[in-house]
Every structure is written in structure tokens, then in C-alpha cells.
Amino acid sequence: MAADLCSNADTNILLRYLPLLRSLVATLASAADRTAGAFELCIPHIVVQELDGLKTSTKMTARALLAADAESGSTSGQASVGSLSRAASNWLLSCLPEPGCEGQPTFVRGQRQHESLMPRVNGRRQSGSNDDEILDVARYWHESGRDAQVVLLSDDRNLCLKARCVLQI
């Protein structure tokens, strides 16, 4: 079933607002009989790659809105980008259904290989930047004919500007 609201998240949203996303998905899941098909969060493949690349970063960052101090045991108001990245990756993995259990309601999923409008050369997507790949998922949903609202979740001003220009979202 197609979702009424299709969204995809940039890496910065997963790092800064993971507790908020967790809460949203938990709330939807607790009422799955009423909310199934209402919302779908798709994680672009490039975001998973970015999280993987950040997992060993020791760069410290100020915790953002609703940061997960309880997870890390931190009370300093700071966390490493690596710890935030690993927390996001672990959460995403926990949201995906186990193989063979695809019938379970889920509100989070990864981008499927065919969900792209980018041209392919030798089987590989040709993109200009990571932002272009994230925007491509939103473009795919926007142009797929699904009767759904498309939302791009990002704090990246340039990506949001591109989305407004290209998709008027």
C-alpha cells in the first residue's frame, strides 16, 4: 500500500533528531492498525553510506534537539559524530523487518534500487553529489504518480533550496 505521506531524511536529520524520529515511529507503530499506510520514511542509499563513513569520527558536536544522552551516558551536552552515526545506523537496522517477515507494518525502509530517476551507466547511477542522490529519491516519489505528499527532511539549506527549485516542495 502506498503511503499518504512519503518522506526521506538527510544524514543531518538522523544525527540531530534521532530521538524525535524514534518517537514518531514508535507512536505510529503503537497504532499500526490505524496508521498503516499513512507515513513512510525512506532512507536514501547514500545516507546509509554517509552514516557508515561517519561511524569512526571522533569530531565532537553539540547535541541538538532531543539528543540521545541516555544512550551514550553523556551529560556534557556533546557527543562524537561517530557515536551519533552508530546510534542512527543501529536504529535504522532495528526498524527494518527481518528477512521473511516483510508483511509486518513498518514505517521506515531503505531506498530500493529501482527508486531512482538518475541515468545509469554500466549499471551504476550517475550523480553529481550526495545531495543530488538524496533529492533524486524525492524526485522519484514526486514523479512516480503516487497520490501522496512528498517531504524532504533536511537541515541542509542548499539541498532544501534545490528541492524547492526542482520540485516546488
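User: Before we start, what does "buried" mean here?
Analyst: Buried means under 20% relative accessible area, while exposed means over 50% and partly exposed covers what is in between. One thing to keep in mind is that this is a predicted model.

User: What about contacts between residues that are at least 6 apart in sequence?
Analyst: Among those contacts, 72% join residues at least 24 apart.

User: On to charges. Why can side chains pair up at all?
Analyst: Side chains of opposite charge can pair when their charged atoms come close. In this model the count comes to eight salt bridges.

User: Which residue does Lys162 pair with?
Analyst: Lys162 meets Asp132 in a salt bridge, with 2.7 Å from N to O. Lys162 sits in helix H7 (residues 157-167) and Asp132 in helix H6 (residues 130-143), so this pair ties together parts that are 30 residues apart in sequence.

User: Nice. Are those two buried, exposed or partly exposed?
Analyst: Lys162 counts as partly exposed, at 33% relative accessibility. Asp132 also falls in the partly exposed class, at 24%.

User: Let's zoom in on Glu115 and Arg112. How far apart are their closest N and O atoms?
Analyst: In that salt bridge, the closest N and O atoms are 3.8 Å apart. The cut-off for a salt bridge is 4 Å, so the pair qualifies.

User: Last one: what does Lys55 do?
Analyst: The side chain of Lys55 forms a salt bridge with that of Asp52, at 2.7 Å from N to O.

User: And how accessible are Lys55 and Asp52?
Analyst: Lys55 has 37% relative accessibility, so it counts as partly exposed. Asp52 is partly exposed too, with a relative accessible area of 45%.

Note on methods: Residues are numbered from 1 along each chain as its sequence is written. This is a predicted model: local features need pLDDT of at least 70, side-chain atom pairs count only at pLDDT 80 or more; totals for chains, interfaces and linings use all residues. Side-chain values use heavy atoms; hydrogens and water are left out. Contact means heavy atoms within 4.5 Å. Buried means under 20% relative accessible area, exposed over 50%, partly exposed in between (1.4 Å probe, protein chains only). Helices (H or I, at least four residues) and strands (E, at least two) are DSSP runs, numbered from the N terminus.
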